[in-house]
Amino acid sequence: MDIEGFVRREINIKDQKTIEKILSERIIEHKDLNPEKASKMAQAVIEEVKNTLKIQGLEDEFLKELMEVHGADISMGKMGVGSRGAGDFFVHRKIAEIVASSSTSSFINPTAQDDGGVVKVHAPEDKMFITTAVDGIHSRLSEYPFLGGFHVARAALRDVCVMGSDPVAIISDLHLADDGDVGKLFDFTAGVAAISELVKVPIVAGSTLRVGGDMVLGDRLVSAVGAIGVSPHPPTARKRAEAGDIILLTEGSGGGTITTTAIYHGLFDVVEETMDIDFILASEAIMQEGLLPQVHAMTDVTNGGLRGDAHEISTTTGLGMEFYQEKIRKMINPRVLEMLEKLNIDPLGVSVDSLMIIAPEEVALQSKKVIRKAGVKVEEIGVVNNSGSPIIIKEDGSKEELRPLFREAAYTKIKKLVGDTTPEDFELMKQKVQQAAQKSIAKKDRVVQSIKGN
């Protein structure tokens, strides 16, 4: 529970004594405190929040703007942020616009909507491309920190690999709420370390903090892992895809999303299917064979499943893609596919953690050979064309445009209740989000100019 957030919500609705009473009771639920101490804590939070509200009366407009949020009046949940669908993609494009508004530049920045960002540096003897990526732990794996650490570390490394970069370092960022057992920190780190040992990439730095400091009650773990890679050649970015390219897909057994699906449906045996490093083995096989400079693009089938990735590639390149449903199904781990179908979860709308490779026909043929030699299953599942949109050819021969849902396919009962249909006011929501992003860019510009002026 966010006790500061609670006070901020209630301070203009309820009287202070009522807020203090409710908050004291909530604190006692989480902490072994007597009523007097809990009441004093509640009073302190209320006093601190009341002090912050004085910002509204500031005469210094610059200082006031610096501390106030340009709200969009749209919540994360309503917009579907983090749910890997149309709403999430839209917000990430706005974040990318804010990044791009900076006068600094990179070789591949967030506007490309790629898996990782790339900067080019001039090493003593040659050019060097440095790739960075960061992924957050799946929110429902807070109670299973080893699995959370394992899968998020693998995801970060995967994002570096698909950019055609050789991973060289891992960094870890841990945030555990005030009542969380420190054993969670160790189990999460052990999960990250397991991946580090398996792929021989060292963990070099990290940070450990509490979620919300003293203001959040509970034991929620919110963490992230970053990865850094290097390459002597340009990245295999999505924008390099060309009409006529062949699309390959390795077998996917899932990661954090599939693990979560299995755990919260009581299908624990499926969890073991996700514990592999096949994705990284396939990437390394292509690198070691020297095929990367000839591969046009690589990506992982994660954000919103194949629906989301195909849409993002088409949006970035302006090209179309044609997929074969029957071949895609064969590239999903049989036990994972069985679970998805049993639970009525769209396999095309959920993260299965496959490696998708887009390359000219001859390069695709060579890639298949070296990936199979590495012990990883891979098949041709489609082709890039000039149609402008991704199409899937179903097993009965019919065709359907492959569109992302508003949220990725619902894979837990609570997600099914939330739903994945697009809100009727989605266009209005997007306008409000766009306006908030523009205001944040303007705020950034004013602060930069002010500091430069001083």
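Guide: Two strands pair if DSSP finds at least two bridges between them. Helices (H or I, at least four residues) and strands (E, at least two) are DSSP runs, numbered from the N terminus. This is a predicted model, in which local features need pLDDT of at least 70, side-chain atom pairs count only at pLDDT 80 or more, and totals for chains, interfaces and linings use all residues. Residues are numbered from 1 along each chain as its sequence is written, and side-chain values use heavy atoms, with hydrogens and water left out.

Visitor: Which residue is the bridge partner of T299 in β9?

Guide: The partner is M356. Strand β9 (residues 355-359) and β7 pair in the antiparallel sense over four bridges.

Visitor: What is the order of the strands in the open sheet?

Guide: The seven strands run β7-β9-β6-β10-β8-β11-β12, with mixed pairing. β7 (297-300) and β12 (399-401) each have a single partner strand, so one side of each lacks a neighbour in the sheet.

Visitor: At what angle do the axes of α1 and α2 cross?

Guide: Axes are lines fitted to C-alpha atoms, for helices over the stretch in contact, and angles run from 0 to 180 degrees between N-to-C directions. Helix α1 (residues 3-10) and helix α2 (residues 16-30) cross at roughly 155 degrees, their axes coming within 11 Å. That makes α1 roughly antiparallel (an angle over 145 degrees) to α2.

Visitor: Which residues of α1 and α2 meet?

Guide: Contact means heavy atoms within 4.5 Å. I3, F6, V7 and E10 in α1 meet I19, I22 and L23 in α2.

Conventions. Parallel < 35°, antiparallel > 145°, perpendicular 65-115°, else oblique.
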